[in-house]
Amino acid sequence: MASTVYGLLTVLITFIIHVSSAPTCTGKSCSGQSQVSSYPGHWPSNYCKVNNVVFSTGDRVLRVDGDLQDLEKCHKVRDVWKFESTSTGQQMNNIVCDQVFTRGHFFTTYYFHGSNYFHLHYDTMLPLFVALHQDMNKLSSGMKDVTLLPGIEVNRGEGIDWDTDAFDDQNSYWMQMLQMLSKPHRLLPLDRKLAGINKTICFQEAYFGTPKVDFSSPDLLHSYADFVKKTFGIKPTKNTDKTGKPKIGLIHREGRRKILNEDELVKSISSVASIDVLDFSQMSVKEQIQKVQQYNVLIGMNGAGLVNALYLPKTSVAVQLVPYKAQLNVEEFANLLKTRGPYLEWHNNYPELDRRIPEDIFRNGADTIVDINEFVQIVNRALQMYKESTKS
């Protein structure tokens, strides 16, 4: 943990040093040799800064003035984004910029079957939040010309897929999240639409990848959640029903990792709590985050919907359910949710309650019949944990 914290501090301190340096791009051109700096990264493993970058969207190339070997200090950057070098500074001076931005952030995001919500937060949202917002307000508050340029990799570390349809649906969960995080800056996805405008965009400084962050930092997760709720205009809501019972949300899933006895679970705790079965797939991002504000406890199988536990009130309890012997990102999920606030975990230890398809060798898609008695026990523990958290 100490090395991670040190890496984050290094990124932030280096930002202070480099943002104060004078850029050499003007409203018409970029001149001067491109300088390369690297810091600890989340993905790629080096978070790279390059001064004076010319981006030709038509041929999808980033041009720098200097030796491309300087980029070798930035692991994988040249594998993901295509760079070329001008042979002389005079050639750089001759390039006319259609638009000049103070700063550009080039990064990729995990996109699989419409994006994986956990990886969206873990690999993109939280690291970008550090780069753009956390502890950076004094540095970037006066920086108006900042642009985010997300891309989708053909395969991990093997270049940008410019023909992707990932950015076509502006109402998708992950596009809404990227648009939210980019505010008040601009969002220019790397896709065929951007290539089609065939413009030359110049950056006084361009960052490639995302910075390494400390996922076990409560300050990071709380400030991130507060930022998201403030940006979406999310308000606190009452979290008891008319009878004064605490409120519990049980996340409904379709496709894989379903809970097969939801009705029985609801009945089993109806005497001690008011419980809602939540279908987040029918809600916008804002509606999902607003909805979880009313729950004392949020329960869900490992998966997309449980990401919403990051936005629970700080005293509410998150409960992760895990299928039988599943090979999933359970620990990563747990670390995020434990860092956020009160957390419990239930594992199905009964093979007879496991419903999986034979070809699912990693057991990451199995449906589950949740043991009723154990469910009641973990709900009672969660409610007690909630009461204790409100007193502290």
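Predicted model: local features only at pLDDT ≥ 70, side-chain atom pairs only at ≥ 80, totals over all residues.

Me: Which backbone oxygens lie 3.2 Å and 2.8 Å from a polar atom of the side chain of Ser 34?

Reply: Ser 34 is located in the loop between helix H1 (2–19) and strand E1 (36–56). Its relative accessibility is 6%, so Ser 34 counts as buried. A polar atom of its side chain lies 3.2 Å from the backbone oxygen of Asn 51. At 2.8 Å from a polar atom of that side chain lies the backbone oxygen of Asn 52.

Me: What is the omega of the cis peptide bond from Trp 43 to Pro 44, and what lies over the face of Trp 43?

Reply: Pro 44 has its place in strand E1. The peptide bond from Trp 43 to Pro 44 is cis, with omega near -15°. Over the face of Trp 43, at 4.2 Å from the ring centre, lies Arg 156.

Me: Where is Pro 184 found, and what is the omega of the cis peptide bond that joins Lys 183 and Pro 184?

Reply: Pro 184 is found in the loop between H6 and strand E6 (186–187). The bond joining Lys 183 to Pro 184 is cis, and its omega is about 5°.

Me: How many aromatic pairs does a search of the whole structure find, and why is the pair of Phe 106 and Phe 208 stacked?

Reply: The search finds 17 aromatic pairs. The ring centres of Phe 106 and Phe 208 are 4.9 Å apart and the planes stand at 20°, so this pair is stacked. Because Phe 106 lies in strand E4 (residues 99–108) and Phe 208 in strand E7 (residues 200–211), the pair ties together parts that are 102 residues apart in sequence. Both partners, Phe 106 and Phe 208, are buried.

Me: Which helices hold Tyr 117 and Tyr 173, and what relative accessible area does Tyr 173 have?

Reply: Tyr 117 and Tyr 173 form a stacked aromatic pair, with 4.0 Å from centre to centre and 20° between the planes. Tyr 117 is in helix H4 and Tyr 173 in helix H6, 56 residues apart. Tyr 117 is partly exposed at 25%. Tyr 173, in contrast, is buried, with a relative accessible area of 8%.

Me: What span should helix H8 have, and which helices are included in what covers its buried residues?

Reply: Helix H8 (residues 218–232) has 15 residues, so at 1.5 Å a residue it should span 21 Å, which agrees with the 21 Å between its end C-alpha atoms. Its buried residues include Leu 220, Tyr 224 and Phe 232. What covers the buried residues of H8 includes helices H4, H6, H10 and H11.

Note on methods:
Residues numbered from 1 in each chain as written. Heavy atoms only, no water. Helix = DSSP H or I, 4+ residues; strand = E, 2+ residues; numbered from the N terminus. Buried < 20%, exposed > 50% of the residue type's maximum accessible area, 1.4 Å probe, protein only. Polar contact = N/O pair within 3.5 Å; in protein donor to acceptor, adjacent residues only side chain to side chain. Expected span 1.5 Å × (residues − 1). Contact = heavy atoms within 4.5 Å. Phe/Tyr/Trp six-rings, centres within 6.5 Å; stacked < 30°, edge-to-face > 60°. Lys NZ or Arg CZ within 6 Å of the ring centre and 35° of its normal.
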